[in-house]
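Let's take a friendly walk through this model together. Have the sequence and the 3D view ready as you read.

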Amino acid sequence: MATKAMYLSVTNQSLLSSPATTKSLQVRSFTVRCSTGAASTGVPVSAPWKVSDARLVLEDGSIWKAKSFGASGTQVGEVVFNTSLTGYQEILTDPSYAGQFVLMTNPHIGNTGVNIDDEESIKCFLGGLVIRSLSISTSNWRCTESLSDYLSKRNIMGIYDVDTRAITRRLREDGSLIGVLSTEKSKTDEELLEMSRTWDIVGVDLISTVSCKKPYEWVGKTDMEWDFNSNKRHGDAFHVVAYDFGIKHNILRRLASYGCKITVVPSTWPASETLKMKPDGVLFSNGPGDPSAVPYAVETVKAIIGNVPVFGICMGHQLLGQALGGKTYKMKFGHHGGNHPVRNLRNGSVEISAQNHNYAVDPESLPNGVEVTHVNLNDGSCAGLAFPQQKLMSLQYHPEASPGPHDSDLVFDDFMELMKREKAST
């Protein structure tokens with residue numbers, strides 16, 4: 001920056017004064033000349049702030065410029081919005097988001113950093129993260145690294161400084177859209193648009209990509225500092241076989257905290273092998289994608305129900321619906337967030353629930369004897385089922401609520417009672 005001083009003669013004349021009283025004043029002023037150095041060296045100097053270097057191209061033709069963080073490259077996925085105010089790390093590690101870009105409606109993300117205790121699986125499965133404002137600092141005693149560094153190490157793309165409110169409104173009006181995230185300047189908008197219009201998530205088996213490869217025993221319980229229902233425990237120890245369709249660690253922790261011995265098995269584990277274990281109950285877990293794309297899982301569920309008490313969560317709920325002869329359908333934009341109201345039709349209470357799904361069970365397609373136990377109060381969709389004759393129960397949402405409220409945690413106690421009654425009857 002260069003400055004040059006000069007003197008300027010100014011005549012200060014009052015409107016009421018006569019020419020005889022005119023005074024000449026000398027005022028010092030400055031001419032400021034700014035330089036980036038390009039003129040003198042011929043080398044452009046980058047701006048001291050980050051500029052837009054990424055694009056989100058949606059299949060409707062809209063192009064959203066943004067700034068990148070985390071990994072670089074080009075990725076395609078289904079864009080969904082999540083209304084949770086906290087818990088972005090649990091969302092990042094929820095296997096149910098495989099094949100999707102998660103847009104956070106809460107504008108400020110990253111301020112608490114990340115830590116190893118909040119992981120819900122062994123890795124991040126989502127395609128990318130879309131946020132409005134990326135925190136430039138972290139402030140949390142549990143923080144071990146920043147969100148940006150965390151995503152870079154796990155090769156997950158993120159963008160910020162994009163109008164998430166406008167994109168959310170578009171998704172609510174038009175439904176979930178396929179999008180392409182890219183930091184590659186060599187790719188044209190037309191190329192990215194073509195990618196978004198030729199990729200589809202419907203009918204794709206995403207469960208097999210997130211499930212474990214072999215059985216294992218789960219032993220970890222909820223830490224005492226987080227265990228909010230420690231007084232609700234049974235004296236009986238139940239053996240539960242949990243099918244991993246994309247299971248979250250906190251579901252396993254809650255089952256263990258309620259006194260269960262847990263064997264986790266892959267999504268393709270034969271029903272006959274499960275029944276040989278003589279479990280007290282079977283859990284069908286949450287998971288990503290279209291339940292109609294995994295007929296092998298439906299057949300497994302069919303072979304197990306009626307033999308032992310079963311509990312389905314999210315994807316497990318949808319698979320139970322299909323196994324009973326019902327139909328599932330793709331929702332307009334799904335349910336994603338920790339603040340969805342659900343009515344328990346059995347006792348009339350309302351629970352604030354954590355939800356993450358794009359498909360739902362059509363209650364009109366279910367056979368006689370199947371009871372709808374819970375209803376989503378936002379759109380009236382089926383949120384829970386029970387079939388006492390077949391010893392089954394299910395929820396469309398996440399009772400472990402990580403992140404989210406604890407209103408629904410006592411459903412694990414209902415599962416314990418179901419196994420307890422079965423054990424007593426045999």
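## Two helices that cross

Axes here are lines fitted to C-alpha atoms, for helices over the stretch in contact, and angles run from 0 to 180 degrees between N-to-C directions. With that in hand, look at helix α9 (residues 295-304) and helix α10 (residues 315-323) in this predicted model: their axes lie 9 Å apart and they pack at an angle of about 75°. Angles of 65 to 115 degrees count as roughly perpendicular, so α9 is roughly perpendicular to α10.

Which residues make the contact? From α9 come Ala297, Val298, Val301 and Lys302, and from α10 come Leu319, Leu320, Gln322 and Ala323. Sorted by class, the contact of α9 with α10 has six nonpolar residues, one polar and one charged.

## An oblique pair

Now turn to helix α7 (residues 249-257) and helix α11 (residues 411-425), whose axes come within 10 Å and cross at roughly 55°. That angle is why α7 and α11 are described as oblique to each other. The crossing of α7 and α11 is right-handed.

On the α7 side, the contact is made by Ile251, Arg254 and Leu255, while α11 brings Phe412, Phe415 and Met416. By class, the contact of α7 with α11 has five nonpolar residues, one charged and no polar ones.

## Aromatic pairs

How many aromatic pairs does the structure hold? There are eight aromatic pairs. One of them joins Phe81 and Phe333, with 5.6 Å centre to centre and 35° between the planes, and this pair is tilted.

The pair links distant parts of the chain. Phe81 sits in strand β5 (residues 74-82) and Phe333 in strand β17 (residues 327-344), 252 residues apart.

## Backbone details worth a look

Most residues other than glycine have a negative phi, and most peptide bonds are trans. Two places in this chain are worth checking against that background. Asp161 is not a glycine, yet has a positive phi of about 60°; Asp161 is in the loop between β10 (157-160) and α4 (164-174).

The peptide bond from Ser402 to Pro403 is cis, with omega near 5°. Pro403 is found in the loop between β21 (392-395) and α11, the helix that also crosses α7.

## Confidence

The chain averages a pLDDT of 90, and 87% of the residues score at least 70. Over residues 1-25, however, the pLDDT is below 50. Beyond near neighbours in sequence, the stretch of residues 1-25 has 33 contacts in the model.

Note on methods: Residues numbered from 1 in each chain as written. Predicted model: local features only at pLDDT ≥ 70, side-chain atom pairs only at ≥ 80, totals over all residues. Heavy atoms only, no water. Helix = DSSP H or I, 4+ residues; strand = E, 2+ residues; numbered from the N terminus. Parallel < 35°, antiparallel > 145°, perpendicular 65-115°, else oblique. Left-handed = near helix turned anticlockwise from the far one by under 90°. Contact = heavy atoms within 4.5 Å. Nonpolar A, V, L, I, M, F, W, Y, C, P; charged D, E, K, R; others polar. pLDDT = per-residue confidence, 0-100. Phe/Tyr/Trp six-rings, centres within 6.5 Å; stacked < 30°, edge-to-face > 60°.
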